Amino acid sequence: MTVRPQVTQAPKPSAVFTPPASSPDDGPAPSAVPIPDRTAESADTPADSASKLGKGDPFPQPRLRLEIRDLDHPGSSKFLSSINISTVFSAAVQNVQRLLYRSPSERHTTCPPTRSVTLILRDMGGVAYTTGTELDPDHKEIHFSLSYINGINPPSRLTAEITGVLTHELVHCYQWDARGSCPGGLIEGIADWVRLNCDLSPPHWKREVDGDWDRGYQHTAYFLQYLETRFGEGTVRRVNDKLRLHKYDAKPFWTELLGRPVEQLYGDYCSTEEAEGGKSSC
Ligand SMILES: [Zn+2]
């Protein structure tokens, strides 16, 4: 499901949820996110974004905002005492772009022109989701549950878990979705693959090969990591770029990209895991 902002309606975001760290399978079915439907010719980076480049900080930064809707909530104080949100937010934006786009110059022509990201902390169910604002899909909102933050346990996990969820949601601000046709599981898998490659995977994540390749989240993330290892650094970046250029059609998508159908690739992954002692039922 692709949710796009409605100008005439109050924002009712329901785009993407991240499952709780303690029960990864409890989250709602993954769905596509409101990625701007833009291709290379319209993806120019605004000059003002380019001018924000800092030393050693090659990718343009969007305007980052923080909105805390309930300072009295115990999750708010835990959040504020766990991380320096300014530096963590900026670093996560850089990490996401670095993993999804080869270089700043390439990024200028292939990256969605996200101009601002507002992190909104509020009391709500679930963990977090990302949506465009009601006026402009280039401006993103990440809604993050204060109740979830308050429940992170042990407290020593607060910094890593908050940073991990934030990184996952930021991927949704920068990834492509094949004009709304990409399977939700692949969208979520790419987001967790970035989180995995930022060394922010929670302790409960493990390589499982039960079920289909596009179950999403860490399950698909580990499969993508296998592809990255097998076909070389930049493979997931190529997946993302193909989602920029074309509507998703499974057979040509994977065959053109990696030379064989995704079912075959996933079967290879399962066999490899099985050979290494993992559990397999694919
Ligand atoms: Zn997500």
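**Salt bridges and helix packing**

Modeller: Let's start with one residue. R237 is buried, at 11% relative accessible area. Keep in mind that this is a predicted model.

Biologist: Which residue does R237 form a salt bridge with?

Modeller: With E233. The closest N and O atoms are 3.1 Å apart.

Biologist: And is E233 buried or exposed?

Modeller: Exposed. Its relative accessible area is 61%. So a buried arginine, R237, pairs with an exposed glutamate, E233, in this salt bridge.

Biologist: How many salt bridges are there in the whole structure?

Modeller: A search finds 10. Another one joins R195 and E161, with 2.9 Å from N to O.

Biologist: Where do R195 and E161 lie?

Modeller: R195 is in helix 7, and E161 is in helix 6, residues 158–174. The pair therefore ties together parts that are 34 residues apart in sequence.

Biologist: Are those two buried or exposed?

Modeller: R195 counts as buried, at 2% relative accessibility. E161 counts as buried too, at 3%. The cut-off for buried is under 20%.

Biologist: Which residues are linked with R195 in a network?

Modeller: R157 and E161. Salt bridges link R157, E161 and R195 in that network.

Biologist: What about D136? Which residue does it pair with?

Modeller: D136 forms a salt bridge with R115. Their closest N and O atoms are 2.7 Å apart.

Biologist: Where do they sit along the chain?

Modeller: Both are in loops. D136 is in the one between strand 3 (128–132) and strand 4 (139–145). R115 is in the one between helix 4 (104–110) and strand 2 (116–122). So this pair ties together parts 21 residues apart in sequence.

Biologist: Buried or exposed?

Modeller: D136 is buried, with a relative accessible area of 16%. R115 is partly exposed, at 36%.

Biologist: New topic. How many helices and strands does the chain have?

Modeller: There are 11 helices and four strands.

Biologist: What share of the residues is buried?

Modeller: Buried residues make up 52% of the 282 in the chain.

Biologist: And what share of contacts joins residues at least 24 apart?

Modeller: 72%, counting contacts between residues at least 6 apart in sequence.

Biologist: Back to helix 7. How does it pack with helix 8?

Modeller: Helix 8 covers residues 217–231. The two pack at an angle of about 70°, with their axes 7 Å apart. That makes helix 7 roughly perpendicular to helix 8. The crossing of helix 7 and helix 8 is right-handed.

Biologist: Which residues make the contact?

Modeller: From helix 7, they include G185, L186, I190 and W193. From helix 8, they include Y217, A221, Y222 and L224. By class, the contact of helix 7 with helix 8 has eight nonpolar, six polar and three charged residues.

Biologist: And helix 3 with helix 7? At what angle do their axes cross?

Modeller: Roughly 110°. The axes of helix 3 (residues 85–100) and helix 7 (residues 184–197) come within 10 Å. That makes helix 3 roughly perpendicular to helix 7. The crossing of helix 3 and helix 7 is right-handed.

Biologist: Which residues make that contact?

Modeller: V96, L99 and L100 of helix 3, with I190, W193, V194 and N197 of helix 7. The contact of helix 3 with helix 7 has six nonpolar residues, one polar and no charged ones.

Key
Residues numbered from 1 in each chain as written. Predicted model: local features only at pLDDT ≥ 70, side-chain atom pairs only at ≥ 80, totals over all residues. Heavy atoms only, no water. Axes fitted to C-alpha atoms, helices over the stretch in contact; angles between N-to-C directions. Parallel < 35°, antiparallel > 145°, perpendicular 65-115°, else oblique. Left-handed = near helix turned anticlockwise from the far one by under 90°. Contact = heavy atoms within 4.5 Å. Nonpolar A, V, L, I, M, F, W, Y, C, P; charged D, E, K, R; others polar. Salt bridge = Lys/Arg side-chain N within 4 Å of Asp/Glu carboxyl O. Buried < 20%, exposed > 50% of the residue type's maximum accessible area, 1.4 Å probe, protein only.
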